[in-house]
Amino acid sequence: PVKNLVKNPDEMAQILGAKGISADKTLIVYDDGIGKHAARVCWTLKYLGAKDVKMLDGNLPAWKKIRGYITVAPTKISPVIFNVSLDKNLLATMDDVKDAMGETSTIIVDARPAEDFSGTTETKDQTGHIPGAVNVDFEKLKDSNGLLIPKEVLKTIFENKRITPDKTIIIYCNSGVRASYVFMALKKLNYPNIKIYDGSFLEWKLDANNKVEA
């Protein structure tokens, strides 16, 4: 079975509600690393129907750099109800990817490093890419301080790869985590039709009938 797929929506709602997180609050997400996990949580929250989800640019390292207040005291939590209203337009399946191949109105984006995309990495599970995909390494969307690069630069990077707002964009990586960072970058530019292929390359390669390019 494929690992790292999103859980059942009802199960996720219980987890979030127990932490005092509801879909009608403004939700600001961060992690203590390079942002990919925070982005994954942001996408998941949006998929579940949360209306106002933001990611802290640069995450905890950037917050520490500006001497933002940090506490070790546990947050007092009052459980709430997280009301799920799935936005199915944000999720792509393997069948959706297959249907998109060769369609000019849709573009498939690989968010992994170039060596994974091209098949030159030594990790066999990561080599090659879904046929027709274009490569945008999520790490290239950040500056040396871990902050998202300016909108004008982002726009140029995407447009140079034929990733334009008039298309449906399906993003994947190995497990959907790094793809979520590219998703958030495109949301920053107000791209309207963006999906994450949740099964991503790990699921794609499990089916021997699926072709892989390198």
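These notebook entries record what I looked up in the predicted model.

**Conventions.** I number residues from 1 along each chain as its sequence is written, and I use heavy atoms for side-chain values, leaving out hydrogens and water.

**Entry 1: α1 and α2.** I took helices and strands as DSSP runs numbered from the N terminus (helices H or I, at least four residues; strands E, at least two). Axes are lines fitted to C-alpha atoms, for helices over the stretch in contact, and angles run from 0 to 180 degrees between N-to-C directions. Helix α1 (residues 9-18) packs against helix α2 (residues 36-48) at about 115 degrees, and their axes are 11 Å apart. α1 is therefore roughly perpendicular to α2; the classes are roughly parallel under 35 degrees, roughly antiparallel over 145, roughly perpendicular from 65 to 115, and oblique for the rest. I noted the crossing of α1 and α2 as left-handed, that is, the near helix is turned anticlockwise from the far one by less than a right angle, clockwise being right-handed. With contact meaning heavy atoms within 4.5 Å, Pro9, Met12 and Leu16 of α1 meet Thr44, Leu45 and Leu48 of α2. By class, this contact of α1 with α2 has 5 nonpolar residues, 1 polar residue and no charged ones. Ala, Val, Leu, Ile, Met, Phe, Trp, Tyr, Cys and Pro count as nonpolar, Asp, Glu, Lys and Arg as charged, and the others, Gly among them, as polar.

**Entry 2: α2 and α7.** I found the axes of α2 and α7 to be 7 Å apart, with a packing angle of about 70 degrees. This makes α2 roughly perpendicular to α7. Among the residues that meet are Trp43 and Lys46 in α2 and Tyr181 and Phe183 in α7. The class count for α2 with α7 is 7 nonpolar, 2 polar and 4 charged residues.

**Entry 3: α6 and α7.** Helix α6 (residues 151-160) and helix α7 (residues 177-188) have axes that come within 10 Å and cross at roughly 115 degrees. The crossing of α6 and α7 is left-handed. Lys151, Leu154 and Phe158 of α6 make the contact with Val182, Ala185, Leu186 and Lys188 of α7. I recorded 5 nonpolar, no polar and 2 charged residues for α6 with α7.

**Entry 4: cores.** A nonpolar core is a set of buried Ala, Val, Leu, Ile, Met, Phe, Trp, Tyr and Cys residues joined through side-chain atoms within 4.5 Å. The largest has 44 residues, and Phe158, Ile163 and Leu186 are among those with the most contacts inside it. Leaving aside neighbours within four places in sequence, the contacts of Ile163 include Val109, Val136, Phe158 and Leu186.

**Entry 5: positive phi.** Which phi did I find for Asn59? It is near 55 degrees, a positive value in a residue other than glycine. Asn59 lies in helix α3 (residues 59-65) and counts as buried at 2% relative accessibility. The cut-offs are under 20% relative accessible area for buried, over 50% for exposed and partly exposed in between (1.4 Å probe, protein chains only). Arg67 has a positive phi near 60 degrees, sits in the loop between α3 and β3 (91-92), and is exposed at 77%. For reference, most residues other than glycine have a negative phi.

Conventions: This is a predicted model: local features need pLDDT of at least 70, side-chain atom pairs count only at pLDDT 80 or more; totals for chains, interfaces and linings use all residues.
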